[in-house]
Amino acid sequence: MKITFYGHASLGIEVGDVQILVDPFISANEAAANIDISSLKADYILLTHAHQDHILDVETIAKQTDAVIVSNFEIASHYENKGFEVHPMNHGGAWDFEFGVVKYVIAHHTSSFPDGSYGGQPGGFVIEGEHKNIYIAGDTALTMDMKLIPMRTQLDLAILPIGDNFTMGVDDAIIASDFVQCDKVLGYHFDTFGYIKIDHEEAKRKFFDKGKDLMLLDIGESIEL
Ligand code: NI
Ligand code: MN
């Protein structure tokens, strides 16, 4: 499994020859100017919630790739009504896709489209594929529901928001990594806006001091699990 950071909360996940894109917000992110969305491949686009900083480039990329949009029922219906191919899910539900099992899990946040319309309840994803298991938390507060994840899935990587203000910050993300029983963390949802700027070295040190590994990727950088 290969994971590429496209800035903010945007991720590419390659499982075998299947390309998954998560929460594409790239074209308006100045820090991601090196990423050309017309070059992105996607068989599936996973959306954690409907906020603009997670869905901005969905329609452009789905049109050019014919990707299937996977999200909660309300977001899936929104795109289905616009003619896109979708797979609706809801919290606690899992589906066995061609690349592996995806479960839509609880996130503590809000979810509305940019025009204010209802975007269902926000979530995160647990993805099990190619004998690797990852948790993409989405935008969320630290929540006790995270403790449910390791009861079913032994994680190889937890992708957690660390920017604070709109989501967990670093200190809560450290507790979240305890809750999901995974010491290997990829931080995301930081630096993009003024409210979520963080000190990288301090964040890494705080994780290190708890015996954990916080990875912060450059935009466009990948890791292999
Ligand atoms: Ni959000
Ligand atoms: Mn967000």
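**Figure 1. The largest nonpolar core of the predicted model, with 31 residues.** Within this core, I3, I13 and I134 are the residues with the most contacts. Beyond residues up to four places away in sequence, I13 touches M1, K2, I3, V18, Q19, I20, V22, I127, I134 and I136. Another core, of 25 residues, lies apart from the largest one; A137, M146, A158 and M168 are among its members. In soluble globular proteins, nonpolar side chains tend to be buried together.

**Figure 2. Protein donors of the manganese ion (ligand 2).** D53 (OD), H54 (NE2), D139 (OD) and H189 (NE2) supply the donor atoms, at 2.1 to 2.2 Å from the ion. Along the chain, these donors follow the spacing D-H-x84-D-x49-H. Because H54 belongs to helix α1 (residues 52-55) and D139 to the loop between β10 (132-136) and α4 (149-152), the pair ties together parts that are 85 residues apart in sequence. H54 and D139 are both buried.

Figure 3. V105 counts as buried because its relative accessibility is 9%, under the 20% limit. Leaving aside neighbours within four places in sequence, V105 is in contact with H91, P122, G123, G124, F125, V126, Y135 and I149. The C-alpha atom of V105 is separated by 17 Å from that of A9, a residue 96 residues apart from V105 along the chain.

Key:
Residues are numbered from 1 along each chain as its sequence is written. Chains are lettered from A and ligands numbered from 1 in the order in which they are written. This is a predicted model: local features need pLDDT of at least 70, side-chain atom pairs count only at pLDDT 80 or more; totals for chains, interfaces and linings use all residues. Side-chain values use heavy atoms; hydrogens and water are left out. Buried means under 20% relative accessible area, exposed over 50%, partly exposed in between (1.4 Å probe, protein chains only). Contact means heavy atoms within 4.5 Å. Donors are N, O and S atoms within 2.8 Å of the metal (3.2 Å for Na, K and Ca); water is not among the atoms, so sites may look incomplete. Helices (H or I, at least four residues) and strands (E, at least two) are DSSP runs, numbered from the N terminus. A nonpolar core is a set of buried Ala, Val, Leu, Ile, Met, Phe, Trp, Tyr and Cys residues joined through side-chain atoms within 4.5 Å.
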